[in-house]
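Reader: I am new to this structure, and I would like to learn how to read its features one at a time. Could you take me through them slowly?

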Protein chains: 2
Amino acid sequence: MPASVSGSARITTMDVLDVRFPTSDHLDGSDAMNPEPDYSAAYVRLRTDAGDGHEGHALAFTTGRGNEVQANAIAALTSHVVGRSVAEVCGDLGGFARSLTHDPQLRWLGPEKGAVHMAAGAVVNAVWDLAAKRAGKPVWRFLGEMSPEEIVAQIDFRWLSDALTPDDALDILRRSLPGRQERITLLLEHGYPAYTTTPGWLGYSDEKLARLSREAVAAGFGQIKLKVGADIEDDIRRMKTARQAVGDDIRIAVDANQRWDVQPAIDWMRRLAPYDPYWIEEPTSPDDILGHAAVRRALRPIKVATGEHIPNRVVFKQLLQAGAVDIVQIDAARVGGINENVAILLLAAKFGVPVCPHAGGVGLCEMVQHLSMFDFVAVSATTRDRVIEYVDHLHEHFADPVRVVGGRYAAPTAPGLSAQMLPASLAKYAYPGGPVWAARV
Amino acid sequence: MPASVSGSARITTMDVLDVRFPTSDHLDGSDAMNPEPDYSAAYVRLRTDAGDGHEGHALAFTTGRGNEVQANAIAALTSHVVGRSVAEVCGDLGGFARSLTHDPQLRWLGPEKGAVHMAAGAVVNAVWDLAAKRAGKPVWRFLGEMSPEEIVAQIDFRWLSDALTPDDALDILRRSLPGRQERITLLLEHGYPAYTTTPGWLGYSDEKLARLSREAVAAGFGQIKLKVGADIEDDIRRMKTARQAVGDDIRIAVDANQRWDVQPAIDWMRRLAPYDPYWIEEPTSPDDILGHAAVRRALRPIKVATGEHIPNRVVFKQLLQAGAVDIVQIDAARVGGINENVAILLLAAKFGVPVCPHAGGVGLCEMVQHLSMFDFVAVSATTRDRVIEYVDHLHEHFADPVRVVGGRYAAPTAPGLSAQMLPASLAKYAYPGGPVWAARV
């Protein structure tokens, strides 16, 4: 009898790998605050003695320097993971997630923010990958087929009860129970809408911007995004270039990556307003809830979006309470993993605000698609005004890469979280010892 | 001619040490969220080739596990520090601080929060220690004798301008120019008022609480603090015990260390209200600006205090904008160092809110006293309703420990930041190789 059936199987190892891609070579990913990123992953691989061949894979994304700090923070969680019962951990993912984020000593480095929280998220996501593989389902479906009570059990409601209680969450999930199976079928047949950031990196020429914008429309995208915030005259010219390239019916979002103070954000965006920007993303500090609210009040009807640097559910809660955002941008690798993102999806549903995930980086598209598809199946039950960011970088390194066809993410069908990287890529881009880096250092 | 005179001296090494004290043995430092802390320091030591014998020492405080992550985050800053000109760095501490917090790759792990930001703070503070030693002054006086323009140059105003501009800061500092020298003399003669947390740890018996409370009053303290939040009946009994021990004229603050959601915080504190708590500290998540504001509205006249876990100036800004706090509790080792704390002192002054620093831990009293004394000399120019926390732990490990006499911090006179630990202590408590830990592991 395999150990998994007996229930005695344990998590035996947690490997943490430092993997970096030299993306700064080509200015892919360049924006007003990240001029030369080397997209990187602090990668987690869990193994068990269950004898079923399943492993748990996930990662925390960084932009280069500091990836070793992130890897070190993940390794600090080892004693919470290795030796634990596979059945118990996979059977109580909510309790497992809390055991990581509530460590009374490690939480001093947060609480629930920065490297230690991203570390918890990577480990939690790796266990979701393992649990979904054991269940033989992609995560979106594994989660989307849970009962409302099981989903609510995933959530740490600490510090949320003034905005979302377990009963609120149950109400939302029960309202969406009818039609779940039809929505699963819809996803499998038609996928989930995407938008693309590929045309709009700051480092690209106007010609490249125009060409990539036209290609995006031809490929079926209804929305593109441009990076802004380095130079206002450049931004006006680039916005005009993109608008001319795509016409009036395509949404153009812009993204300042936190570059501005509050009033400069308002002033800058008013100059771009004639070209009909759909949303302004990260106009200012991700910590500035009141600042986002002020920007939103001043710029209506331009929408305000943020989230990729929001550290946890408590800040998302306040962005919603304060009416500071039109769009909630969850990120698969910033907060404490799938459990906390489920809480954030339910908060957004409670406040009636659409979720349009941040993605790109390394594996963020692969992971976050599961969350939006779960949202469609079991939470908001709609894709109206919802799109997942798509960036066409680095997917070739994944075992089950995203497939974006006709401007839509095809629903993954392989079991797990889609975050597993190819062994050859893990070896080649290992930092600093892999061949790509050894040749440079 | 020594290198320092020629201006060619460089920072040659940055050592990072993992130092931990097994404080969990005696439940010193126990509270509702930190049941068994091992007070620890990720310790920084800078050396130069100036030939003047001066080094820069500072630390990031943690509560045990994760101290290696913090040390690793500090080490990630090495390339920003080693090799730099001593004269340039000490002559432009504002620019130096920005070079650490604005690293476009490392900031992904924040931005300006968690391990990477505390790392920047430790390194920035070590350079302040070095700069003040070179100037032959304690930091409070080194900073307090700068011109308003020099002080304003220390501050990163990014994301602050909707609440505090350079002109606002200059106005505040210029208003306090008259009387600086008298206030320096007052500090040297009478010190700065303190309050003590020593009686109130959760792990202590009622008898110990009562005895230590009486001793605190006899020692000259006008305020004590109790940890609360684990059990309401215990808290009522402990609050009553402490009130009976100290009488009606001594302020008793209480500290929940983030334990509650918003409404539970209000409900719990209403039950303690008959014993006249002076402030409630950290009633809920440190990220919950709107939550603190709601608690404050409901509990008036009980004051609301927070800050030891506030990651940066942007969150302090909002706590003030939202009217969420009566007391700003800066911490010497949480934010990006002295530079960011100068910004927070000026924000508090702009909003007319008193600053009562968090201290304790390892070296926090030693460091933060300089900030309050600077505030008195050059910013708020008053000690009214201002007290520095004092906890009587671990001072014996410091080369220039705080001296609290008659319930007041004596003004340090030795040059530097007072954060330098004794070599014997650094060796004995080194983790995991020092003799204290080698015997345990």
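Predicted model: local features only at pLDDT ≥ 70, side-chain atom pairs only at ≥ 80, totals over all residues.

Reader: Which residues are linked in a network of salt bridges?

Author: In chain A such a network links Lys225(A), Lys227(A), Asp255(A), Glu281(A) and Glu389(A).

Reader: Are the partners Asp206(B) and Arg237(B) buried or partly exposed?

Author: Their side chains meet in a salt bridge at 2.5 Å, N to O, and the pair links helix α11 of chain B, which holds Asp206(B), to helix α12 of chain B, which holds Arg237(B), over 31 residues. Buried means under 20% relative accessible area, so Asp206(B), at 19%, is buried, whereas Arg237(B), at 38%, counts as partly exposed. For another case, consider Arg141(B) and Glu145(B), whose side chains meet at 2.8 Å, N to O; Arg141(B) is partly exposed at 24% relative accessible area, and Glu145(B) is partly exposed at 31%.

Reader: How do I read the place where two chains meet, and how many residues of chain A are in contact with chain B?

Author: The size of an interface is often given as the accessible area lost when the parts come together. Here chain A and chain B bury about 5,200 Å² between them, with 52% of that area on carbon and sulfur atoms. Of the area that chain A buries against chain B, Arg65(A), Gln105(A) and Trp108(A) supply 18%, more than any other three residues. In terms of contacts, 61 residues of chain A touch 61 residues of chain B.

Reader: How many salt bridges and polar contacts cross the interface of chain A and chain B?

Author: There are 6 salt bridges across that interface, and 34 residue pairs are in polar contact there. The side of chain A that touches chain B has 26 nonpolar, 19 polar and 16 charged residues. A salt bridge with a partner in each chain is that of Lys317(B) and Asp288(A), whose side chains meet at 2.5 Å, N to O.

Reader: What surrounds Gln70(A), and is this residue buried or exposed?

Author: Gln70(A) lies in helix α2 of chain A and, at 0% relative accessibility, counts as buried. Leaving aside neighbours within four places in sequence, the residues in contact with Gln70(A) include Ala42(A), Thr62(A) and Met118(A), and also Leu109(B) from the other chain.

Reader: Within one chain, how is chain A divided into domains?

Author: Domains can be read much as chains are, by asking what lies between them. Chain A is divided into domain 1 (3-152) and domain 2 (173-426), and the C-alpha centres of these two domains lie 22 Å apart. Between them, domain 1 and domain 2 of chain A bury about 4,400 Å², 65% of it on carbon and sulfur atoms, with 53 residues of domain 1 in contact with 58 residues of domain 2. Across this domain interface there are 2 salt bridges, and 19 residue pairs are in polar contact. On the side of domain 1 of chain A that touches domain 2, α6(A) gives the most, with 9 residues.

Reader: Lastly, what should I look for in the backbone, and where is Pro301(A) found?

Author: Look at the peptide bonds and at the phi angles. A cis peptide bond joins Arg300(A) and Pro301(A), with omega about 10 degrees, and Pro301(A) is in the loop between α14 and β8 of chain A. As for phi, Glu282(B) has a positive value of about 45 degrees although it is not a glycine; Glu282(B) lies in the loop between β7 and α14 of chain B, and at 1% relative accessibility Glu282(B) counts as buried.

Conventions:
Residues numbered from 1 in each chain as written. Chains lettered and ligands numbered in written order. Heavy atoms only, no water. Domains from an automatic or database assignment. Contact = heavy atoms within 4.5 Å. Buried area = accessible area lost by both parts, 1.4 Å probe. Salt bridge = Lys/Arg side-chain N within 4 Å of Asp/Glu carboxyl O. Polar contact = N/O pair within 3.5 Å; in protein donor to acceptor, adjacent residues only side chain to side chain. Helix = DSSP H or I, 4+ residues; strand = E, 2+ residues; numbered from the N terminus. Buried < 20%, exposed > 50% of the residue type's maximum accessible area, 1.4 Å probe, protein only. Nonpolar A, V, L, I, M, F, W, Y, C, P; charged D, E, K, R; others polar.
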